[in-house]
Structures are given as C-alpha cells and as structure tokens.
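Hello,

Here is the structure I promised to pass on to you. My notes on it follow below, starting with the ligand.

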Amino acid sequence: MIELLGMSSPNVQKIQIMLEECELPYRIRRIDVWKGENFTPEFEAINPNRKVPVLIDDDGPDGGPCTIFESGAILIYLAEKTGRFLPTRGAARYEVLEWLAVQMCGVGPMFGQYTHFRIFAPKGNDYAENRYRTQAVRLFEVLDRRLGQARYLGGEDYSVADMATFPWTRDRAGKWGGDWDGYRHVQRWFADVAARPAVHRMTEEMDKVWAEDLVSIGVAPVELVDRLLGRGEFTQEPSA
Ligand SMILES: N[C@@H](CCC(=O)N[C@@H](CS)C(=O)NCC(=O)O)C(=O)O
C-alpha cells in the first residue's frame, strides 16, 4: 500500500493525479501544516525539509518500504515504478524532464511567491508582488508557446510534466491580470487535462481536503502561521 502525506496544495494534487492515473492503491494521510504537523520530529525524520508531499511505499525499489519527499522526485519514482508517463530512454525522456524541471524550479516557486505576496504581505509591498506577478505571467507565456508547438508539455504524449503543472494553473491566470483569453494553447491543454477521469477524481477528493484546510486556516494560531510563513519572531535577520 502507498500512503500520500499531504494537504490540498498543488504539490500534493500532482501526486494524487499520478496515483489515480496509474490506478495504484493508496490512501491519503492529511498533514495539517496550519497546525504545524510538518514540524514534529516524526515528520522531520521522513522529510528533513519539513514539507508535503511525502510518499511512503510498503513495496519500495529494494523490496522493502521506502519514503520519498519532493514532488518531482515522487513523480519520477512512481513513473519508474509503473513504467508509465515518462519515457524510459532517449530524447523523449529528457523533453519530459525539462518541462518537469520548469514546473519544479519555475512555475511552483514563482506562482507560490506571487500567491504569498498577494495574500499575506502587508499592503504597500508592491515591489515583491509586481515582481512575482511578472514572473508568473512570463511563465504562462512560456507554457503557451510550448503548447502551441506540442500537444502536451513533454511532447505528443501526456506525462508527469502535465500532471505537475496542471494543479498550478487551476484557477490562476485569469485572476492574476495575465491575459487568460490570450493563452489559447494553455486553455486547450487545460481543458484536455481537466477532462481526464483521473484528474476528476483528484479534484473531487482534494476539494474535500481543501474544505478541511480552510477550517484549519481559520483557527490557526498566529505563532504557527508566522513559523509557516517565516515571519514575525521567525524572521531571520541579516548577519552583521
Ligand atoms: N519543492 C517542494 C515544495 C513543497 C511545499 O512547498 N509544500 C508546502 C505545501 S504546497 C508545504 O509543505 N508548506 C508547509 C511549510 O512550508 O511549512 C515539493 O515540490 O515537494
């Protein structure tokens, strides 16, 4: 059995899509980051970076249980375990890995920071908000150009690169001042991915987890939110 540790965030959603696509039996263990459950010694022992998702597989590559953290590594692990959604060799493999890397190193961090500064930063912090919005819009343009040349991000076949990117584009460009109507290739791809039964199953399940997350967000103590966001008493001052 596989256990997926996480909440409703995009980095967790991408793993659930892959598990559903591969029809692997799994269960979700909710880790409530708003209650600091990712800061316990038990959690730190399985992910020193203290973030979700984490995947625990009873049937790991060496015959025993294994634990994997970082969503990109988890997707590659599941692709290699099942032999699906990532070509095993040749240029096609690296094309998928390139676009997976664009998600991991670009789309995730930039969209994440834009969300942070838009929602959590004190008013007047226009520099950071403008910078990350500009990066987010730039990345939408990169995705749109790519999807004008290829059916999917990794090439002609649906792959882990699409699964990784899809949750980050849900609900976003239109609200962000980017020209959603202008991103017609992203829109075509988005509709295509959203229509997959596995993706449907993920959104149904994750909408329920999101409802639980919303309750936790509403009652989260200030000091836990400050630790999560790295602010207040958790701010690191520059060394002299
Ligand atoms: N690069 C990591 C990012 C994981 C990440 O940022 N997870 C967030 C939820 S999306 C989290 O655990 N936040 C809690 C915290 O930062 O304390 C991955 O892709 O797995």
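Let me begin at the ligand: one of its nitrogen atoms is 2.8 Å from a polar backbone atom of Val52, a polar contact in the sense of a pair of N or O atoms within 3.5 Å; within protein, one must be able to donate a hydrogen and the other to accept it, and residues adjacent in sequence count only if both atoms are side-chain atoms. The protein covers 80% of the 510 Å² of accessible area that the ligand has on its own (Shrake-Rupley method with a 1.4 Å probe; for residues, only the protein chains shown count as cover).

Before going further, please note that this is a predicted model, in which local features need pLDDT of at least 70 and side-chain atom pairs count only at pLDDT 80 or more, while totals for chains, interfaces and linings use all residues. Residues are numbered from 1 along each chain as its sequence is written, and side-chain values use heavy atoms, with hydrogens and water left out.

The residues around the ligand (a heavy atom within 4 Å of it) include Asn11, Asn38, Phe39, Glu70 and Met104.

Glu20 sits in helix H1 and is buried, at 15% relative accessible area. Leaving aside residues up to four places away in sequence, Glu20 touches Tyr26, Ala198 and Arg201. Arg118, in helix H4, is partly exposed at 31%. Its C-alpha atom is separated by 8.9 Å from that of Arg133, 15 residues apart along the chain.

In case you are wondering about cysteines, how many disulfides does a search of the whole structure find? The search finds 0, a disulfide being a pair of cysteine sulfur atoms within 2.5 Å. For Cys66, the nearest cysteine sulfur is that of Cys22, 15 Å away. Cys66 is buried, at 15% relative accessible area, whereas Cys105 counts as exposed at 61%.

Best wishes

Note on methods:
Buried means under 20% relative accessible area, exposed over 50%, partly exposed in between (1.4 Å probe, protein chains only). Helices (H or I, at least four residues) and strands (E, at least two) are DSSP runs, numbered from the N terminus. Contact means heavy atoms within 4.5 Å.
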